[in-house]
Amino acid sequence: MVKHTIVALDDFWVSPSPNFDHEIIEYPTTGPDQLVERMKPATIVTTAAMKVTRAGIEAAENLQLIVCTGTGSDHIDKVAARERGVTVCNVPAQNTDSVAEHAFALYYALRRHVVELHHITAAGDEWPKGHVFRRLDPPPRVNSEETLVVVGYGAIGKAIERMGKALGMQVLIAERKDAQHAREGRVAFAEAIRQGTIVIVSAPLDASTRGMIAGPELAMMDPTARLINVGRGGVVDERALAQALKDRKIGGAATDVFETEPATAATSPLLEAGIPNLVLSPHIAWYSSKTKQGTLKTIKANLEAFVAGRPINVV
């Protein structure tokens, strides 16, 4: 059996030692200018977030497998991989509960102005003056008054639906934006966006979802509605969202994902100082003990299944 060289382009998740002859070359992170050289010796590459480009794939003459150590695979040039006969697989559904729960954590932080009120309370000067509750005006809804719209009805979307119903919310499942007819149990995309008081996006990023929620969609939302994105950056147009918040066109927004990551003030208009009613987190929704245990187990299974000639979780 051939000895495999596994190159881990980042150290988010490094597989437990697989049961075949191998060596592992591990890097904490890999920059674009380092990719080609580091991929050259690989028969297998693992990556959580580092982009794997055509140049990297073509430089690795013996490359057979790319393992995405998370659910997303939009950072892989899958066209180049297919052309070279390289298999690409991912780790599906390990972060489902974690991401769904984080979506609601962002929602409650936004609805109850938790971050803002923390700073007010810690400062110790505004509360004694009275009427600090006015910071929440208009008075926030309670769960039973909310209409939750789920955009992206995969495993995470289904978990969000389940949690929303358990919390007493009315839940609508948005149909695909380009669909001619709404399937049973779903609501036409535009109609769902209009009806929602909470819109939670859990859709992946591809050609059909890029910019799916932009200026026109934000304009049709209820002016008190809140938008939460735990899907992928790029699904929501960041510039349009920042402007809608500044203009008070919607009630608020929160996002765990950005079009360019890590996000900086130079890459994302959402990091501009002073945007109102906005809560941000650094693509951390996936991280939990359950995610870690399941992910490591699945990465190992992906590696061993491929080497045994029975690849799984192929994307």
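This dialogue covers how to read cavities and a helix pair in a predicted model.

Student: What should I know about the model before starting?
Tutor: Local features need pLDDT of at least 70, side-chain atom pairs count only at pLDDT 80 or more, and totals for chains, interfaces and linings use all residues. Residues are numbered from 1 along each chain as its sequence is written, and side-chain values use heavy atoms, without hydrogens and water.

Student: How many cavities of 30 Å³ or more does a search of the whole structure find?
Tutor: Rolling a probe the size of a water molecule over the atoms shows where empty space is left. A cavity is a set of points on a 1 Å grid over the protein atoms alone where a 1.4 Å probe fits but cannot get out. Here the search finds two.

Student: Which residues line the second largest cavity?
Tutor: Lining residues have an atom within 4 Å of a point. They are Ile 6, Ala 8, Val 14, Ser 15, Ile 24, Thr 46 and Leu 303, around about 30 Å³ of space. The largest cavity has a volume of about 50 Å³, and its lining includes Asn 229, Glu 238 and Leu 270.

Student: How do α4 and α6 cross?
Tutor: Two packed helices are described by the angle between their axes and the distance between the axes. The axes, lines fitted to C-alpha atoms over the stretch in contact, of α4 (residues 96-111) and α6 (residues 155-166) come within 9 Å and cross at roughly 50°. That makes α4 oblique to α6, since angles under 35 degrees count as roughly parallel, over 145 as roughly antiparallel, 65 to 115 as roughly perpendicular and the rest as oblique.

Note on methods: On a 1 Å grid over the protein atoms alone, a cavity is a set of points where a 1.4 Å probe fits but cannot get out, and a pocket is an open set with protein on both sides within 12 Å along at least five of seven lines; lining residues have an atom within 4 Å of a point. Grid points are joined across faces, edges and corners, and a volume is the space filled by probe spheres set on the points. Axes are lines fitted to C-alpha atoms, for helices over the stretch in contact, and angles run from 0 to 180 degrees between N-to-C directions. Helices (H or I, at least four residues) and strands (E, at least two) are DSSP runs, numbered from the N terminus.
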